[in-house]
Amino acid sequence: MTSRPLAAAVAALAEGPRASRPGASDPAAVLAGLMDLHGSVSLARELSLLDRRAAPPAPPASDEARAGVRELAADRLGELAEALDHVFAAPFQRRNRLPDAEAMLAILEQTGALSTRPRAGRELASAAGQIWEPFGELAARSLGRIRLETRALREELAPALRALGPGAARLEQLDAAIASATQKRRERALGELVPGLARCFARGLRAAVAALPEEVRLEHVAAWFGQGSWLGRELQRMELVVQAALAHEAGRLLALVDGAVAGAPA
């Protein structure tokens, strides 16, 4: 069971309509679904220690301090979102090393995916794997950037959140305990995204190859790069998955910050 943004990402990889799961919007059900036995035991232990780690009384947080924490989180997450938007606005930049039409046609010919149609099974699977590889690297790199930068921001925010007062400090500790207890399942859910994208890409390529004329020329493969093509749809799917992963991580961080700021004594 996952959060709403991650559920949206998984739905984007489904072959057909997905029915909503009972309890998917229940926070307790979502939390329980994200923990295994080890995580549950770890969370119980951390919760039992929270009161023992109670922070000493602190002076009320200033308006500037509360606003500064929220502004830092919003600015960093906004910068990350903008950078990812830039990547998918022009995915065929040279640094992404995505294949052009000529490279795709060469792979299809070298693997025998064209000459063995319509029975091309292993040949087409081989071609799909080779063509997908740089696309998969782009997806994995984007998702990895989200994990790294949001984790670094969470660590950077921790001292400022704790400084807002005892209530904010307790909330920060609770969030850290829950994040630790659910880490394995959350990473597993995120780890399923790139393989899911690969399967969707392979299905799209299979249909596109089947629709090619008997004598395939470069312009036929070049049409895959046009507006409304299957390749464009797969890149849009990838972007949606990346945006959903960012929304998941950003939502967790902003909810923590908002809760801590709201609970800080004025």
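This is a predicted model: local features need pLDDT of at least 70, side-chain atom pairs count only at pLDDT 80 or more; totals for chains, interfaces and linings use all residues.

Reader: What share of the residues in the chain is buried?
Author: Buried means under 20% relative accessible area. The chain has 266 residues, and the buried share is 40%.

Reader: How many Å does α4 reach from its first C-alpha to its last?
Author: α4 has 27 residues. At 1.5 Å a residue, 39 Å is expected. The reach in the model is close to that, at 38 Å.

Reader: Which helices do the buried residues of α4 pack against?
Author: The buried residues of α4 include A73, L77, L80, L84 and V87. An α-helix has 3.6 residues a turn, so residues three or four places apart point the same way. The partners of the buried residues of α4 are α6 (122-162) and α10 (230-263).

Reader: Is N96 buried or exposed?
Author: N96 sits in the loop between α4 (63-89) and α5 (101-111). Its relative accessibility is 6%. The cut-off for buried is under 20%. Therefore N96 counts as buried.

Reader: Which backbone oxygen does the side chain of N96 reach?
Author: N96 touches V87, A90, P91, P134, L138 and R141, leaving aside residues up to four places away in sequence. One of these gives a backbone oxygen at 2.8 Å from the side chain of N96: that of P91.

Terms used
Residues are numbered from 1 along each chain as its sequence is written. Side-chain values use heavy atoms; hydrogens and water are left out. Helices (H or I, at least four residues) and strands (E, at least two) are DSSP runs, numbered from the N terminus. Buried means under 20% relative accessible area, exposed over 50%, partly exposed in between (1.4 Å probe, protein chains only). A polar contact is a pair of N or O atoms within 3.5 Å; within protein, one must be able to donate a hydrogen and the other to accept it, and residues adjacent in sequence count only if both atoms are side-chain atoms. Contact means heavy atoms within 4.5 Å. The expected span of a helix is 1.5 Å times one less than its number of residues.
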